[in-house]
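Welcome, and please open the viewer.

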Amino acid sequence: MSVRISNNTMEVFNPATGEDITNISMTTLQELDSILQKAKTEAEKYNYSSFFRRQKLMTQLQKGIVRRTDEFIDTICSETGKKPDEGLMEVFISLEHIKQSSHHLYEALGKRSRRSGILKTRKAWVEYEPMGVAGIISPWNYPLILTVSPLVEALLAGNTVVLKPSEHTPLTTQLLKRVWDESTERPELFQPVYGAGEIGNALVTSPFTDVICFTGSTAIGRKIAEACAPLFKPVILELGGKDPMIILEDADIDRSVDAAIWGGLSNAGQTCISVERIFAHEKVYPEVVEKLKREIQTLSSGKGETPIGAISVDVSLEKIRDQVSEAKNNSDVFEGNADEGRFIPPCLVVNPPFEAKILQEETFGPVMTIHPFQSDNDAIELANKTGYGLSASVFGKSRKRINFISRRINAGVVSINDVLTHYGIADLPFGGKGLSGMGKVHGKEGLRAFSHQKSYMDNRISFKAEFWWYKRSKKFAQVLRKLIKWQYS
Ligand code: NAD
């Protein structure tokens, strides 16, 4: 791991170099309680703030992040072991999400009238109101974007936020908090807490949190769902994936291979929407395997100018090594190079058996598997063979076949002739099915996920009484029967 925990202190170190960075005190349960009380008190005022005011705060945050771009890149890279370009991409995507979420606020949460149907004398409408205090828990693999994006959505929806970053990557959140405080001068609206599972669980079960947004593993997501269920606490779960990529025989093979390399290896494969399983039509399978193998063997993971960085946490390192070592006993495995230390060589595993760990568990490393398929239905069956359903990609030319396949793939998002890029479209709802979670972040749906939808009704014309109330006429039933016949028969 990139942190050692002892005596309520987190010692953070750089996973790529092993160099110690700093120590951070963990939030105690008593501190958490008073932070949450403060968030609740503030929520009572902030919940009624205008959209304009909230948008202004986001613009201030956005500008604050731009001013500190280099500091963010350094911090992200030092606590994750990423490459600087990957840190830069994270800053860029975070800024795009802040800007676009803010832009969509009125459209997503503005008052909307509804048809009143047969009740012509009534007007009906919907408004969105904040839930109160949002508890956000984030993972380590993208410490800025996966913190900023739910933070901004919760705040724009009018909630105050108590946020716990991963214990492996607290420094990016510390910097974000500094930038928030200095740019907005509203420190009480966003308060971070630091620690591991215990503090996360306390945040989830606290009576002061009104909604939970969790991004992380399926195993912890299940625990959170179980904790929220008896409390009837709304929960958004953004969990793991085992994303398939399908390559049809009419696909542009060079683009597909380059996309697989990018989709599977960027951030050393530590992306929830990484390409983990490739399925290529049998007619192009030998060519795809050959080209992927050649590309992978020229790539390396390491400290210097290599494109692929470190594996950020120990458990992940052990899991990837275990999966690859088992694969070497039952399949052909082609690898690139890797420096000593926490680096895994980029790797292609050819046609492993279905029972192999590498197909049963999320890998979360720079490793991909490849299998051939014969028909579109085979491809769909193979792609849907795990319980995950996060994202998927289909490469090919025939729109008809692409549509047929994409509509049958178990996934929250399908990319056509592309990978990962959909995450940069801030208006596109994001979230998986099955073991990949429930609920959406991003887009109007993300803003609504942090809101209660409240329905209203009013009279256009006021009468002394309504004809269906108790003092009704004897002809009531006769009139209603006529109305039913006239309107619905
Ligand atoms: P994790 O589940 O181990 O931890 C995530 C967060 O949960 C951390 O902040 C951790 O401290 C906290 N936590 C641990 N136990 C808890 C408990 N009992 N109650 C409350 N909080 C608790 O995940 P991770 O290793 O940090 O992240 C990697 C996983 O996240 C991968 O499975 C990856 O696919 C997934 N992920 C999903 C998305 C998505 O948007 N779907 C994005 C990024 C990562």
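Begin with the chain's contacts, where two residues are in contact if their C-beta atoms, placed from the backbone, lie within 7 Å. Among contacts between residues at least 6 apart in sequence, 70% join residues at least 24 apart. What you see is a predicted model, in which local features need pLDDT of at least 70, side-chain atom pairs count only at pLDDT 80 or more, and totals for chains, interfaces and linings use all residues. Residues are numbered from 1 along each chain as its sequence is written.

Now colour by secondary structure: the chain has 17 helices and 23 strands (DSSP runs numbered from the N terminus, H or I of at least four residues for helices, E of at least two for strands). Zoom out, and the C-alpha atoms fill a box of roughly 85 × 55 × 40 Å along the principal axes.

Next, select the buried residues, those with 20 or more other C-beta atoms within 10 Å of their own, C-beta atoms being placed from the backbone. They make up 48% of the 489 residues.

Then select the ligand and the 30 residues around it; Pro-139, Gly-197, Gly-200, Gly-216 and Gly-240 come nearest. A residue counts as near if its C-beta atom, placed from the backbone, lies within 6 Å.

Which helix gives the largest share of this shell? Select α8, which supplies four residues. Residues 197-205 form α8, and α9 (218-228) also supplies at least two.

Finally, colour by domain, with bounds from an automatic or database domain assignment. Domain 1 (3-239 + 441-452) and domain 2 (243-426) each give the shell at least three residues.

Definitions and conventions: A residue is buried if 20 or more other C-beta atoms lie within 10 Å of its own, exposed if 12 or fewer, and partly exposed in between; C-beta atoms are placed from the backbone.
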